[in-house]
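Subject: Structure for your files

Hello,

The structure you asked about is below, with the sequence. My notes on it follow.

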Amino acid sequence: MTYQDLISSWSTFSNNIQAFSQQLGLDTLELECDHTALRVNSNQSADQLRQAFAKVGNIISDNMINGRPILIIELDTPLMMGSTAIECVELPYPGEKTYPQEGWEHIELVLDCGATDCDTLAQALLEKAPQLAPVLAGDTDVKVKMSSPKGDKERLANPTIAFKKNGLCVKIHSHGIKAVIASEAE
């Protein structure tokens, strides 16, 4: 997986993610897309991508999360997903899990509701998007995972709801990535 492979595949990935977001009804909520994330299966690939992204942006976070390094790179020129500018890329180093496909894996949307746990986040999301009730209840073919990943220095709780289908993933969280990074400095 090279930087050029990622750039070449961005259009297809972003079109598929937009279609999935529309299927979920998230496209009408005007949520900020604060970052997109990659999946790689080797430290060598992660190191090469780190070097390539460092040439087109700045690493604003290099933190241990769930036992592995995860970088956040703020791009000099945002990636465009339709009319949405995505300023940051998450580059996680591989953990114990091997991914069936390397490359773009998900986007993360911010539902600015101040939720500090997954139940509160789910309730806030349902208030804005009641059509998601059967999805959150597990009554559709969309897989849902709720989690609260935490960085070693993180002070801001940032629960996450992930919606997954056909190799695509859209995550919702209550705080933007830059706010989470700022909390690490407190």
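Helix α3 (residues 118–128) lies across β6, β7 and β8 (168–173) and runs at about 65° to β7. Axes here are lines fitted to C-alpha atoms, for helices over the stretch in contact, and angles run from 0 to 180 degrees between N-to-C directions. Contact means heavy atoms within 4.5 Å. Helices (H or I, at least four residues) and strands (E, at least two) are DSSP runs, numbered from the N terminus.

Before the rest, the ground rules. This is a predicted model, in which local features need pLDDT of at least 70 and side-chain atom pairs count only at pLDDT 80 or more, while totals for chains, interfaces and linings use all residues. Residues are numbered from 1 along each chain as its sequence is written, and side-chain values use heavy atoms, with hydrogens and water left out.

The whole protein

The protein has 5 helices and 8 strands, in the sequence pattern α-β-α-β-β-β-β-α-α-β-β-β-α. Its radius of gyration (taken over C-alpha atoms) is 16 Å, which agrees with the value near 16 Å for a compact globule of 186 residues; the globule rule is 2.2 Å times the number of residues to the power 0.38. The C-alpha atoms fill a box of roughly 45 × 40 × 30 Å along the principal axes. Of the 186 residues, 48% are buried, where buried means under 20% relative accessible area, exposed over 50% and partly exposed in between (1.4 Å probe, protein chains only). Among contacts with a separation of 6 or more, 65% are between residues 24 or more positions apart.

The sheet

The open sheet of 8 strands has mixed pairing and the order β2-β3-β4-β1-β5-β8-β7-β6. Strands β2 (57–65) and β6 (143–147) are at the edges with a single partner strand each, so one side of each has no neighbour in the sheet. On average, neighbouring strands of this sheet are turned by 25° against each other, direction ignored. Two strands pair if DSSP finds at least two bridges between them.

At the β6 end, β6 and β7 (residues 160–165) run antiparallel and are joined by 5 bridges, with Ser 147 opposite Thr 160. Strands β7 and β8 are also antiparallel, with 6 bridges, and Ala 162 in this pair stands opposite Lys 171. The hairpin of β7 and β8 has 2 residues between the strands, and Asn 166 there takes a positive phi near 50°.

Strand β8

How many residues of β8 are buried? The count is 6 of 6. In a regular strand the side chains alternate between the two faces of the sheet. In β8 both faces are covered: Leu 168, Val 170 and Ile 172 are buried on one side, and Cys 169, Lys 171 and His 173 on the other.

A buried lysine

Lys 165 is in strand β7 and counts as buried, because its relative accessibility is 17%. Its side chain makes a polar contact of 3.2 Å with the side chain of Asp 141. A polar contact is a pair of N or O atoms within 3.5 Å; within protein, one must be able to donate a hydrogen and the other to accept it, and residues adjacent in sequence count only if both atoms are side-chain atoms. Leaving out residues up to four places away in sequence, Lys 165 touches Phe 20, Gln 23, Asp 141 and Val 142.

Regards
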